[in-house]
Amino acid sequence: AGLDLADEDTLAMLAAAVRDNRARDWSTPGAGAPREIRNPADRRDLVGTAPDATPAEVEAALAAATAAAPAWAAMPAAARADLLRRAADALEAARLPLVALLVREAGKTLPNAIGEVREAADFLRYYAAGAEAMPEVPPLGPVACISPWNFPLAIFLGQVAAALAAGNTVLAKPAEETPLVAAAAVRLLHEAGLPRAALHLLPGAGEVGAALVGDARVQGVVFTGSTAVARLINAQLAGRLTADGQPVPLIAETGGINAMVVDSSALAEQVVADVLASAFDSAGQRCSALRILCVQEEAADRLLAMLRGAMRELAVGDPARIETDVGPVITEAARDDILGHVAGMRGLGFAVEQVAAPDGCFVPPTLIEVGRIADVGREVFGPVLHVLRYRREGLDRLLAEIAAGGHALTFGLHTRLDATAAHVLARVPAGNCYVNRNIIGATVGVQPFGGSGLSGTGPKAGGPLYLARLKARPVALSVVAGDLAGPVGESNR
Ligand code: UN1
């Protein structure tokens, strides 16, 4: 069911979908002040307006989700699962306008947007199957789902689908940058038969999220975003108990300062391809993206020369064009933040190299040579790759520095030596370790995604333990492994 990007007819169809989309207004109704959503690649293109949810709308949604919780919880899991599968079918039937909307609202490249629709459908089907495979344990009740702009469809729907599948009603706050694709997804779910009171969309900024998290009727929180906001949520929930007297659960997926270690036995061509994908795909705007490439000294000159050459070939520009490798970053503020980091590093004396990029919300793919892990300092959410050279004798110190950073999300290793692989992987804590491949694009059901430490609370998204956290009481986990009924997508590569 994939869209074949090597096929001329498919490309023509996608181009037409983007063109039609630009003539379409995706505005959503609501009482609050309308927020203008503009295409990050072309600020003249107004995608639509979305009003922030007002306090009265938040209150009405909380009351309705609370009132609807018993009936939704009482529905047999199989019926909830059928509904989510119908929604997955509807989502795939609507994939062309959704792909175009992701390009326009979130600046996704066409391959990224196609992968994201596929991943969203995978989440719906995976959690549907998981719900059916679980013993009947009561759900939590109303759950708040707070999602990011970088996967405004897949992460948004993944959170919502899991909460609903487990039998909870949902208050969903999409990122303020990307409410329109979330609204489109909610419409599809309601049209597929989901009771309106079981899922409420509440667009807006931090105030809306804080109002939800601070409300005693909310029995669980699912959050993907920054470590700083996860800390705020955690503090807000501290000491609060569910109706069953348990601490209100928080599932948080946050950031990472992800590293890849490349030893001198690695296949250079493969490394270059995987580094390009890991660092620059999605303009580096994935929490899984590569931030620090660590190359063994003996291989570094040749490998970095190849990487620089390959970076110069990256096409940065309009994500609606199939030729584009790197699209815009999400906002001018994001661009300025990333470029501020680059300027700061240059100021500190680190060597910086950048390829060309157009004006606007674009950041040129950038390479910064650093001396040690701690030089990087922070997660930079854009196409900026730090590189450092290490000596074989210094490997353990390097691994200890990576571990000491406190994040533990993704990690990559390129080596052809089994002993090195075992040695390295035993020393780096990371939720997702990838060997001899890129470090992005975890696949629902096959590579559950999530980290620990500063990177999140677990359980991993798209994995067998996720739904259990959304139940009121502990679940016997041996029976929760809901396999997909069908083949799993290459969703997000
Ligand atoms: C995120 O960027 O917030 O594996 C998480 C991947 C994606 C990452 C999503 N699932 O690249």
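Me: In this predicted model, is glutamate 369 buried, exposed or partly exposed?
Reply: Relative accessible area is read against two cut-offs, with buried meaning under 20% and exposed over 50%. Glutamate 369 has a relative accessible area of 21%, and therefore counts as partly exposed. Arginine 389 is likewise placed in the partly exposed class, because its relative accessible area is 28%.

Me: With which residue does arginine 389 form a salt bridge, and which parts of the chain does the pair link?
Reply: A salt bridge is read from the distance between a side-chain nitrogen and a carboxyl oxygen, which must lie within 4 Å. Arginine 389 forms one with glutamate 369, the closest N and O atoms being 3.5 Å apart. This pair links distant parts of the chain, since arginine 389 lies in strand E12 (residues 384-390) and glutamate 369 in strand E11 (residues 366-369), 20 residues apart. Both residues also belong to a network of salt bridges that includes Glu297, Asp301, Arg308 and Glu353.

Me: How many salt bridges are there in the whole structure, and are the partners in other pairs buried or exposed?
Reply: A search of the whole structure finds 27 salt bridges. In one of them, lysine 108 and glutamate 116 have their closest N and O atoms 2.7 Å apart, and lysine 108 and glutamate 116 are both buried. Another joins aspartate 42 to arginine 44, with the closest N and O atoms 3.2 Å apart; here aspartate 42 counts as buried because its relative accessibility is 16%, whereas arginine 44, at 73%, counts as exposed.

Me: Which residues touch the most other members of the largest nonpolar core?
Reply: The general idea is that in soluble globular proteins nonpolar side chains tend to be buried together. In this model the largest nonpolar core has 75 residues, of which Leu91 and Tyr127 touch the most other members. Helix H5 (residues 110-133) gives the largest share of this core, twelve residues. Leaving aside residues up to four places away in sequence, tyrosine 127 touches several residues, including Gly158, Ala161, Tyr466 and Leu467. A second, separate core of 67 residues includes Leu303, Val316, Phe411 and Ala442.

Notes
Residues are numbered from 1 along each chain as its sequence is written. This is a predicted model: local features need pLDDT of at least 70, side-chain atom pairs count only at pLDDT 80 or more; totals for chains, interfaces and linings use all residues. Side-chain values use heavy atoms; hydrogens and water are left out. Buried means under 20% relative accessible area, exposed over 50%, partly exposed in between (1.4 Å probe, protein chains only). Helices (H or I, at least four residues) and strands (E, at least two) are DSSP runs, numbered from the N terminus. A nonpolar core is a set of buried Ala, Val, Leu, Ile, Met, Phe, Trp, Tyr and Cys residues joined through side-chain atoms within 4.5 Å. Contact means heavy atoms within 4.5 Å.
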